[in-house]
Amino acid sequence: FLAFESNYDGSVEDHLAELVRVGARAVHAIYRHCLGYPFAEADAIGPADEPAVSSFLREQSIDHAAFHVGVHGKTAERVRRESEIRDVIEAFVDQRRASGKWARLAPETMYDEIIEHLGVSGWLPDALQMQPPRPESRSLPWVLRVLPALLLVPVVPPLYLFLRLREALDSEDEVTVEPSSIERLAEREDFQVQNQLTHLVDVKPGLFRQALLHGVLWVIDLLARYQFNQGALGGITSIHFARWAFIDGGKRLLFFSNFDGSWESYLGDFVDKASAGLTAVWSNTAGFPRSKNLVQDGATDEERFKSWTRAHQLPTQLWYSAYPDLTVFNIQQNAKICEGLARRPTTPEAMLAWFESL
């Protein structure tokens, strides 16, 4: 299989049309080697062929089972502009502080000087541009919490006993010295603030594990949309995007993640902050460290968990980030700065809090 994952702004139709229009040569060079591509025998594609290529890509698409977005409501272009605005402000503030003229000024006066500087330098219109509000973080609707529980009450005891039996009989991967392929993976990491992870593993056989894994990912997808939509997934604040998808008729689980920091720190966050959630997912896949009651143990066996993750990690031949040097925290702070420019802080405390974001 060839897997292409894209996290994009706007509609999928507009994204695919732009992808094929701008990247026609690369798209054709890659996909002409894939089954079903309509122009496999052609040397190149032209504008008249682009709709058919877009349709081909759309037909091959796979729905995610769960999807998390670290920053909602911002286009890639807006993220970059807000970073540039912050750089302009920081350079001006450093210059004013170096001159010694800001020591006796009130925060409100400093704020006015920043606004004036943005106006003179031509950045003020962008700085004052209001952005759509971020979605509110809230608990799952009561019907999604209560109704499934009520429906499952009669079958929970036998299902739990069957789960415990399966957990007792499941095999797990041995902890081994990292294979030589780990070097190939590590060579592609830590070139910038962000890293990328592609992970593929077999789902444990049987209808029970299939149904359980679908249910767990359904819950995670709901939580990502309703509750974990403020930049953190289960307490992990370094994830830009995370996506789980079933492939090969549901026999394998594919996981993509774009994250801040090193692979070691990312996996450490998984263990320290979200071990229950990730154990609930991957305990239904082959070789995962032995779990208990679906969410216990498993990933807390850190050495075995990291060895298992590396063993099922795939090298990513191509990865592009629209803002490779920005963390989720950077993006959120830059947004606060621009929100404070578009809507002037109204109290001394709010003004001081705004300056602390710089």
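This is a predicted model: local features need pLDDT of at least 70, side-chain atom pairs count only at pLDDT 80 or more; totals for chains, interfaces and linings use all residues.
Let me start with Glu 167, which counts as buried at 2% relative accessibility. Its partner is Arg 164: the two form a salt bridge, with the closest N and O atoms 2.6 Å apart. Arg 164 counts as partly exposed, at 27% relative accessibility. Both sit in helix H8, residues 156–169, and because they are three residues apart, about one helical turn separates them.

Arg 304 and Glu 172 form a salt bridge whose closest N and O atoms are 3.8 Å apart. Arg 304 lies in helix H13, residues 302–311, and Glu 172 in the loop between H8 and helix H9, so this pair ties together parts 132 residues apart in sequence. Arg 304 counts as buried at 18%, since the cut-off for buried is under 20% relative accessible area. Glu 172 is partly exposed, at 25%.

Glu 77 and Arg 80 both belong to helix H4, residues 76–99, three residues apart. Their salt bridge has its closest N and O atoms at 3.1 Å. Here Glu 77 is partly exposed with a relative accessible area of 43%, and Arg 80 is partly exposed with 31%. There is also a network of salt bridges linking Lys 74, Arg 78 and Glu 82. The count for the protein is 21 salt bridges.

Asp 260 is in strand E4, residues 252–260, and the residues it touches beyond four places in sequence include Val 193, Gln 194, Ser 238 and Leu 326.

Phe 4 lies in the segment before helix H1. Phe 4 and Trp 319 are 315 residues apart in sequence, with 9.7 Å between their C-alpha atoms. Setting aside neighbours within four places, Phe 4 is in contact with Leu 19 and Tyr 31.

Finally, the overall picture. The protein has 15 helices and six strands, and 42% of its 358 residues count as buried. Of the contacts between residues at least 6 apart in sequence, 75% join residues at least 24 apart. There are 35 positive and 48 negative side chains, and the centres of the two sets lie 3 Å apart.

Terms used: Residues are numbered from 1 along each chain as its sequence is written. Side-chain values use heavy atoms; hydrogens and water are left out. Helices (H or I, at least four residues) and strands (E, at least two) are DSSP runs, numbered from the N terminus. Buried means under 20% relative accessible area, exposed over 50%, partly exposed in between (1.4 Å probe, protein chains only). Contact means heavy atoms within 4.5 Å. Lys and Arg count as positive and Asp and Glu as negative; His and the chain ends are not counted. The place of a charge is taken as NZ of Lys, CZ of Arg, CG of Asp or CD of Glu. A salt bridge is a side-chain nitrogen of Lys or Arg within 4 Å of a carboxyl oxygen of Asp or Glu.
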